[in-house]
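Student: I have a model open and I'd like to learn how to read it. Could we go through it feature by feature?

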Amino acid sequence: MTRLHLNKLLLPLLVLSAGFVATYFLQQAAYTAAHQIQQDNFAYQSREIILSIEQRLKAYEQVLRGAKGLFIASKSVERGEFRNYVTNLELASSYPGIQGVGFSLVIPPHEKTRHIEAIRKEGFPAYTLRPEGERSLYTSIIFLEPFADRNLRAFGYDMYSEAVRRAAMEQARDSGKSSISSKVRLVQETEQDVQSGFLMYIPVYRNGRPHETLADRRANIIGWVYAPFRMNDLMHGILGEKIDNVDFEIFDGKNATPEMLMYDSISGQDQSGAPLYQSSRHIEIFGHNWVVNLHSLPAFEANIDTGRISVIRLTGILMSVLLSLLVWQLATGRARALNRAQEITKELQESEFRWKFALEGAGAGVWDWNISDNTVFYSKFWKEMIGHSADEIGNGLDEFEKRIHPEDKAATFAALQGCLDGKTPLYLSEYRFRCKDGNYIWMFDRGMVISRTEDGKPLRMIGAHTDITGRKQTEAALIEIAAKAKRFADALDSIASSYVYMKDLNHQYFYANQSTLKLFKCSAEELAGSGDARFFPPETVARLKAVDDRVLERGETTMEEIDVSPDSPERRVYLEIKTPIYDGAGKIIGLCGISTDITERKKAEEIVRTAAQYSRSLIEASLDPLVTISAEGKITDANTATENVTGVDRTKLIGSDFADYFTDPGKAREGYQQAFSQGFVTDYPLAISHASGKITDVLYNASVYRDSHGNILGVFAAARDITERKQAEEALRKLSIAVEQSPASVVITDTNACIQYVNPQFTEVTGYSAAEAIGQTPRILQSGKTPKETYVELWSKLTSGQSWHGELLNKRKNGEFYWEDVHIAPVKNPAGIVTHYVAVKTDITDRKEFEEELLRSNAELEQFSYAISHDMRQPLRMISSYLQLIEMNLGGQLDGEKRDYFNFAIEGAKRIDQMLVALLEYSRVGRMGEPLEWIESRAVLDEALQFIQPALDEVQAKLSISGNWPRIFASYDEIQRLIQNLIGNAVKYRIAGRITEIAVTSEIVNNEWRLCVADNGIGIIPGQVKRLFQVFQRLHSHDAYEGTGIGLALCRKIAEHHKGRIWAESAGEGLGSKFCVVLPVRGNN
Amino acid sequence: MNTIARPFVILLVEDEKTDAYLVKWAMGENRISVDLRQVFNGHEALAFLRQFAPHFMDAPRPDLILLDLNMPHMGGLECLAAIKQEPSLCDIPVVMLSTSHAKGDAAASLALGAADYFTKPMDIHQLAETIRVLGERWITHGAVTTPHIDEKNT
């Protein structure tokens, strides 16, 4: 029994001791597990804090970039625009912690005064640069929004004058990137609640200027968009109230020295005892370093539930005792003890997630991924964020995966994988996440692997995502604002037909679209600060300024036509519409103008106006009564001639019934109706009655006139007495046709010999068309073959007002020469002044050629004649001479008959010779004789008588000479031969035995010279008269009367050569003859 | 002043030998005794006068030239013009003796410096008369002075 009891006691003791041992190990394991979890959580939270700071600062940078975009999109930024931009950001709600957004402008020393004045003019009379003093470069915070409270203290502050800020500004300027400053005390600080601060800068360079190199950047910096931050406010904004279990301090720089402390999350609180967890991290933000030291707080450490471990310990002991008791009691309650142990473990696990709820309190949806079994714990808030209740979402990874926007999935999983593989310490991703209602919201997700196996395989990953939809929308809005501004500027630039520009209060341009810049021939950079004086003449500048003043000072919207250089060929007319530009406060800060070039339209208008004045002048100048009549039959206008013909004043005529002024108003209306229905009436006969009763018969011509749409406005009627005019026109028309159709060329020139008209014959002859000839001088026809003297004579005649006639050898267009017979006469106006020259020209080339041909053939004939006269007569002379010599030598040997034979032969030869001589003479008439000249007819007679006298004396003829012997225009030799022949004939054909009486008479009959030689000779048988004057026609045998048969033919030829005629009169045979020659007498002397 | 008695020298320029014969006959009829030389055209006349060509080397300077108009090679007018253009010849009287009675020929001859102009008539008796007149006007009988030599010596 005792041994049995002992045995019974041993087992429970063993159980008890085993229970204690188990309890101890269980407690130790639970403690280690909880501690590990808490360590992971601390690391996570630390990173979370730093991440939040980094993310937020980047968000602030986005805000500043947006503001910079404002400067890039605009040529210049006005206070109002800047304010609008910052206000729209809703800084306080979207980005808590930022003190404001401002712009610090670079001011070169030489512009300092002007700058201060400009800002003062904007309504800040107290504005000045602070701190005062001379520096090589100034900057000034000219904008800082919200422009209230503490920020007012920064207005005009020269940040560049202070070393810490300058370092950051220079860094930003030289790198072209954002920078933040070291710790500063902001000028916004008052004496209360002094906080550390820092500033963030983004450089803004002159628009369009390069900033690729350091030199470019330094040269073209115009300022910085910047934001001041107060550290406490910032951290409060970033982290809110959520951090109560971790304490952290931020130090400026790379080392955590107390003087560089910028922020302490629990300042002034005494830190008792060493924290369980702590870490120190470096942050590099925009090239600047911060050190963040983090410590766990008791509240955090309390999460390691040591109380529960004690419970585990006590319970373990108790349970061991109980177990041993139970074992002792034959181990009856063993299963219950094990159950209890499981419950305790579960409770422990639950406690692990407390921190997760803390995170959720900060607005993050927490997830916890157990990679080994691929289950994910999604926090309640994770689910609620997307509209689901806690039980609607399971714990598979697919719950996450299926909600990510398809476009974002790949990137997100890549980031996730990167983190799982250990390539990145953190998993970060922004994605759109689908809510229960189907809408997507933007999430920012971050997580990390918190435990791995020894060989590095990830076991567990936790993370949280936050809703960043608001931030995303703001970013999108910012991009949209910048794009809008750019689109607007592009649109203005693309307006080529209009000039759009803006000027400030100093009348200086600060914006102009491309077409304006092109007009001004300058670039956008050159334009800034330029006034109108640079682009327009002084008088225009004054005019523009007057208009600008109305806009800028009185707020008017103006529309003015600006005439630039009105009297020069460079004249331009612009229609300018100008309207004031207001800032947010309703104050005018400049003007916007749109100008259109209306020069061409203006010119057209002026032409129309001139034409209208011209028409009116024409109407008034007309001697014909002209009226316009409205559709109602009332006179709407009348000229002076109408006043004269009606005796009624124009003012009374207008508005009265037109028909009242005619003797037959009914007929007048009828004509008016006709004009309306047909559109016109022509030569409608009416009589106008003058107020005095005088009647004027007129013909009316009327036509309707219309507005530009073709609607009939009324009738235009003109009365006229056209008879005289018509006759004159008809005469002119005939004359014109005559000239046009003239076979002679007609050329009209002005007094400078500039051709103004040529008729078609001119073109026919010369080959020059009217268009080619008009404007030229007749010199185009000169051949160079007409002697210079001819032209000298021509011009001396014309310039002295005389006409000229002559022949010119001219040249056709095709180079052919031609002869012209030319008459040129000056045309004089009624005042006797020569205004034109008219040339009437006949192409006499054919005649000239004929004349030349004639001259040539005459020369040949002459040669022929000479040959006859010499070469033919020579042998004849030999025949007769040697026959005579033979006859003489034979002397007495010849009987009478043979002597006769000799004589016949000799006489025959002599007669041939006489005939040859006569023929020669005949052929030479009109060719060889001297030219016609003025000669005394009586002198010719006397010379002829000298030759004929021997013959007269021989027959003792009685010669009587009577009548008037005029000067005649004739050939001396030929007339002498004529007289000789006629008197000679009178002697030759005498009646033997009768005393020969010859009467020579001369007289002028009908302006002709008539010479008659009458005799009392043998007369002429009637019917034979005609034969008399033919060559070799003899009426008598050679035996009866010697002669060649050429004498009278020669006389006829001489008469004809002088354009005269010859005839013979005779009463009959034996009754004498009378030969008469009639020659025209040319001229008066 | 030296005077040398010698025959009167006449140069007859005439292409027709028959014509020349008639002139000589007419001179004989009128008992005109002269040293009559004949050449047949203008070229020969000039050669004679200038004493060119071998057979004219000893040609005497004529006291009178009777010149026909119409000749081959060089006509009378052309020859006349040439004679009148030579200073050493221009003082020799030239009398035209032509068949032509054209007024123009006479006028042209006189214009060129001919001393006289005679037409050769058809009738031989008239020719004798013509030559008689010519002789009376232009031929000196007996001693003839040689003025050109004297002039050269003075």
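Student: Let's start with chain B. What percentage of the 154 residues of chain B count as buried?

Tutor: Keep in mind that this is a predicted model. Burial here goes by neighbour count: a residue is buried if 20 or more other C-beta atoms lie within 10 Å of its own. In chain B, 34% of the 154 residues count as buried.

Student: Which elements does chain B have, and in what order do they run from the N terminus?

Tutor: Chain B has six helices and five strands. From the N terminus on, the order is β-α-β-α-β-α-β-α-β-α-α. As for contacts in chain B between residues at least 6 apart in sequence, 66% of them join residues at least 24 apart.

Student: What pLDDT does chain B average?

Tutor: The average for chain B is 82, and 88% of the residues score at least 70. Residues 147-154 of chain B are below 50, and beyond near neighbours in sequence that stretch has three contacts in the model.

Student: Now the complex. What ipTM and pTM does the predictor give?

Tutor: The complex gets an ipTM of 0.80 and a pTM of 0.36. The contact takes 15 residues from chain A and 13 residues from chain B. On the chain A side, helix 27 (845-890) and helix 28 (896-924) each supply at least two residues. Helix 27 of chain A gives the most, with 12 residues. By type, the chain A side divides into four nonpolar, six polar and five charged residues.

Student: How many residues of helix 30 of chain A are buried?

Tutor: Helix 30 of chain A is mostly covered, with 12 of its 17 residues buried. Among them are I975(A), L978(A), I979(A) and L982(A). The cover includes helix 29 (937-955), strand 33 (997-1005) and helix 32 (1047-1057) of chain A. From first C-alpha to last, helix 30 (residues 972-988) of chain A reaches 24 Å, close to the 24 Å expected.

Student: On to sheets. What is the strand order in the open sheet of five strands in chain A?

Tutor: In general, the strands of a sheet pair through backbone hydrogen bonds, either parallel or antiparallel. This open sheet in chain A has the order 21-20-24-23-22, with antiparallel pairing. Strand 21 (635-638) and strand 22 (680-689) of chain A stand at the edges, each with a single partner strand, so one side of each has no neighbour in the sheet. On average, neighbouring strands are turned by 30° against each other, direction ignored. Strand 22 and strand 23 (residues 695-706) of chain A pair over eight bridges, and F680(A) stands opposite S703(A) in strand 23. Helix 22 (residues 665-678) of chain A packs on the sheet, and its direction makes about 160° with that of strand 22 of chain A.

Student: Which residue takes a positive phi in the hairpin of strand 10 and strand 11 of chain A?

Tutor: N374(A) does, near 55°, in a hairpin with four residues between the strands. Strand 10 (residues 364-370) and strand 11 of chain A pair in the antiparallel sense over four bridges, and D368(A) stands opposite F377(A). Strand 11 (residues 375-378) of chain A has V376(A) and Y378(A) on a covered face, whereas T375(A) and F377(A) are on an uncovered one.

Technical notes:
Residues are numbered from 1 along each chain as its sequence is written. Chains are lettered from A and ligands numbered from 1 in the order in which they are written. This is a predicted model: local features need pLDDT of at least 70, side-chain atom pairs count only at pLDDT 80 or more; totals for chains, interfaces and linings use all residues. The expected span of a helix is 1.5 Å times one less than its number of residues. Two residues are in contact if their C-beta atoms, placed from the backbone, lie within 7 Å. Ala, Val, Leu, Ile, Met, Phe, Trp, Tyr, Cys and Pro count as nonpolar, Asp, Glu, Lys and Arg as charged, and the others, Gly among them, as polar. pLDDT is the predictor's confidence in each residue, from 0 to 100. Two strands pair if DSSP finds at least two bridges between them. Axes are lines fitted to C-alpha atoms, for helices over the stretch in contact, and angles run from 0 to 180 degrees between N-to-C directions.
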